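Let's take a friendly look at a few residues that deserve a second glance. Have the structure open as you read.

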Amino acid sequence: MEKETIMLLDALHRGLTITDAEGKLVYMSESFAEFFGIDKNEAVGRNISYYENTNILKPSITRMVLEKKKTVKATQRDAKGRELLGTGVPIYDNNELKYVVCFNSWDFLTPSELQIKYEKLKAKNDRLEAELISLKKPAYSRGRLFPKAKLCRTI
């Protein structure tokens, strides 16, 4: 692929792969490589089945597209265990499959996982808000300044 095309693809979408009709990787974005702990330079040219057989990409959305010959959506776990929604799209030229483009969207969270994250963020926000209010109070109202002159203490 041309350098400019690769730069554009890297800027377009996080988690992007392109394979040929046999499943050989033609392109892998940096973010996809990071998601799944794959060396991008070693991956290009390798068949995607290698990554499914080694449990790195399980299931392989590319393989599913190659088998079904249509768009497929499925979830995958990245190297950190996050669940990602992946979509694979077959690209045809004159009714002949040429490429499979796969991309991963943001990580999926179950409602209970979202609730847990929300509760943690809310607790942190409450703690920071209390700290901010405390810092806004004048130092003398927090007991940090002790006026020595009798006149100051009566004010």
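Two residues are said to be in contact when heavy atoms of theirs lie within 4.5 Å. With that in hand, here is a short tour of this predicted model.

## Aspartate 20

Start in strand S1, residues 16-20, where you will find aspartate 20. Setting aside residues up to four places away in sequence, aspartate 20 touches Val26, Leu66, Lys98 and Tyr99.

Aspartate 20 is buried but forms no salt bridge. Lysine 24 is the nearest side chain of opposite charge, at 4.4 Å, and a salt bridge would need to be within 4 Å. The aspartate 20 side chain does reach backbone nitrogens: that of glutamate 22 at 2.9 Å, and that of lysine 24 at 2.9 Å.

Glutamate 52 belongs to helix H4 (residues 49-53). At 11% relative accessible area, glutamate 52 counts as buried because the limit is under 20%. A polar atom of the glutamate 52 side chain lies 3.1 Å from the backbone nitrogen of serine 60.

Among the contacts of glutamate 52 beyond four places in sequence are Lys58 and Pro59. Those two residues, lysine 58 and proline 59, are joined by a cis peptide bond, with omega about 0°. Proline 59 sits in the loop between H4 and helix H5 (61-68).

## Two positive phi values

Most residues other than glycine have a negative phi. Lysine 69, in the loop between H5 and strand S3 (72-77), has a positive phi near 60°. Lysine 69 is partly exposed, at 44% relative accessibility.

Asparagine 94 also has a positive phi, near 55°. Look for asparagine 94 in the loop between strand S4 (83-93) and strand S5 (96-108); this residue is exposed, with a relative accessible area of 73%.

Key
Residues numbered from 1 in each chain as written. Predicted model: local features only at pLDDT ≥ 70, side-chain atom pairs only at ≥ 80, totals over all residues. Heavy atoms only, no water. Helix = DSSP H or I, 4+ residues; strand = E, 2+ residues; numbered from the N terminus. Buried < 20%, exposed > 50% of the residue type's maximum accessible area, 1.4 Å probe, protein only. Lys, Arg positive; Asp, Glu negative; His and termini not counted. Polar contact = N/O pair within 3.5 Å; in protein donor to acceptor, adjacent residues only side chain to side chain.
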